[in-house]
Amino acid sequence: MVFFRSVSLLNKLRSRAVQQSNLSNTVRWYQVQTSASDLDLRSQLKELIPEQQERIKKLKAEHGKVQLGNITVDMVLGGMRGMTGLLWETSLLDPEEGIRFRGLSIPECQKLLPGAKHGGEPLPEGLLWLLLTGKVPTKEQVDALSAELRSRAAVPDHVYKTIDALPVKAHPMTQFTTGVMALQVQSEFQKAYEKGIHKTKYWETTYEDSLTLIAQLPVVAAYVYRRMYKNGQSISTDDSLDYGANFAHMLGYDSPSMQELMRLYVTIHTDHEGGNVSAHTGHLVASALSDPYLSFAAALNGLAGPLHGLANQEVLLWIKSVVSECGENVTTEQLKDYIWKTLNSGKVVPGFGHGVLRNTDPRYMCQREFALKHLPDDPLFQLVSKLFEVVPPILTELGKVKNPWPNVDAHSGVLLNHYGLTEARYYTVLFGVSRAMGICSQLIWDRALGLPLERPKSVTMEWLENYCKKSS
């Protein structure tokens, strides 16, 4: 145990040193906007697009034949892990350091992006601005974007009627995705395409659809929640609140701490580069010129899978099963026994491991810091802290796990549960609302850069066998 604590400490110290170094570099690299004269996000984006269009043309012309690596049979059979084959501008995931949004780590975003209050969590609207422009916005620009999203938030009545046609007990993600599909009838991109819009203008109606979709998702998501768990008593938007706080309000949670949690939750779940199931699905479907509503609905169906977004639901249910069997004051030995019981039954310990990361997920760490600040004595948080110490050594001993450290899902459910949002089946909907900002931001850039239809080559096992025989 001393060894693992030492490794963990070294990882934290190394990560902190890297963060401090990168933060100083980031301040030099990024144009932190100081002028409040231009508060229009679309105008900012319009100025940036020509430069990036020339950049991608130059990249293709000068380096189009450069090889990015070798493809192995293991990659083909193993879910394309490790293949480089997708352009995704808004974020990049480093196996050791974690996610960077336009070059900024999560601690840097917490430091640089405007919050609702001094020293508070970053406003999701600020991250949306960053994802789209690569620039850190001012508080005035974030407030202007927040106001624009509120002005787009009214959901047509037919959307509610469509959701109401489903059984109340239908899974929240089924109801949520159905609502998104019902929103699609208002697509500006589809209308413009049918009229023959020029491809250089695709990004403009995609931008309109994307911002409207992002604005309306919390309203639809909250309606699903109140329909399922609060006797259908929906709550209207509050025009005085920002995006995250308004979402919490419509769900029925108005405490300042819960509003801060929702701002943090949405921010850290927005994007995780392009290879994960939901992001890649959204990009793939959109590459066929499907509009943002259709593309994001497809992404949500991927997010609903147990190996992707449904994992945050599974974590809380598993933690509660530990409490049910061992009690809240579970000892370290009891916890070890329960973990081995889970593993020996052929199951995984939910919330640990990641397909790319090889260290503790920084999204986990910022949630842990939030818990230490706001709910240090919460029994489930204390259990999560014990799991942080106990699980990695066991998974390492098992010898089959490349990353034994906790991911984002290991913590989020406990925070939501603390503030009263205890319905674990609903948690993936929160993830879905958040992920729209990343997927839609990249989709706008897909259209602006003229990225083509995605069409990779597939092969049969016979083809692989024959190819390998010829190569040997």
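Author: Welcome! Let's start with a term we will need: a residue counts as buried under 20% relative accessible area, as exposed over 50%, and as partly exposed in between. At 38% relative accessibility, D164 is therefore partly exposed. Keep in mind that this is a predicted model.

Reader: Thanks! What is the average pLDDT of the protein, and how should I read it?

Author: Here is the general idea: where pLDDT is low, the predicted coordinates should not be read in detail. In this structure the average pLDDT is 90, and 92% of the residues score at least 70. Over residues 1-31, though, the pLDDT is below 50, and this stretch has 35 contacts in the model beyond near neighbours in sequence.

Reader: Good to know. You mentioned D164. Which residue forms a salt bridge with D164?

Author: In general, side chains of opposite charge can pair when their charged atoms come close. Here the partner of D164 is R227, and the closest N and O atoms are 3.1 Å apart. This pair links distant parts of the chain: D164 sits in helix 7 (residues 157-164) and R227 in helix 10 (residues 202-229), 63 residues apart. R227 has a relative accessible area of 11%, so R227 counts as buried.

Reader: Are E97 and R100 buried or exposed? And how many salt bridges are there in the whole structure?

Author: Both E97 and R100 are buried. They form a salt bridge too, with 2.8 Å between the closest N and O atoms. A search of the whole structure finds 16 salt bridges.

Reader: Now the cysteines. How many disulfides does the count come to?

Author: A disulfide is a covalent bond between the sulfur atoms of two cysteines. To be counted, the two sulfur atoms must lie within 2.5 Å. In this model the count comes to 0. Take C366: the closest cysteine sulfur belongs to C109 and is 10 Å away, so the distance is too far for a bond. C440 is in no disulfide either, as the nearest cysteine sulfur, again that of C109, is 19 Å away.

Reader: Are C366 and C440 buried or exposed?

Author: C366 is buried, because its relative accessibility is 4%. C440, with a relative accessible area of 1%, is buried as well.

Reader: What about the surface? Which residues make the nonpolar patch?

Author: The patch consists of I71, V73, V76, L77, V459, W463 and Y467, and covers about 660 Å². Two elements give two or more residues to it: helix 3 (73-77) and helix 21 (461-471). The largest share, 3 residues, comes from helix 3. I71 lies in the loop between helix 2 (41-63) and helix 3. With 60% relative accessibility, I71 counts as exposed.

Methods:
Residues are numbered from 1 along each chain as its sequence is written. This is a predicted model: local features need pLDDT of at least 70, side-chain atom pairs count only at pLDDT 80 or more; totals for chains, interfaces and linings use all residues. Side-chain values use heavy atoms; hydrogens and water are left out. Patches are made of residues with over 30% relative accessible area and no salt bridge: like charges are joined within 9 Å, nonpolar side chains (Val, Leu, Ile, Met, Phe, Trp, Tyr) within 5 Å. Accessible areas come from the Shrake-Rupley method with a 1.4 Å probe; for residues, only the protein chains shown count as cover. A salt bridge is a side-chain nitrogen of Lys or Arg within 4 Å of a carboxyl oxygen of Asp or Glu. Helices (H or I, at least four residues) and strands (E, at least two) are DSSP runs, numbered from the N terminus. Buried means under 20% relative accessible area, exposed over 50%, partly exposed in between (1.4 Å probe, protein chains only). pLDDT is the predictor's confidence in each residue, from 0 to 100. Contact means heavy atoms within 4.5 Å.
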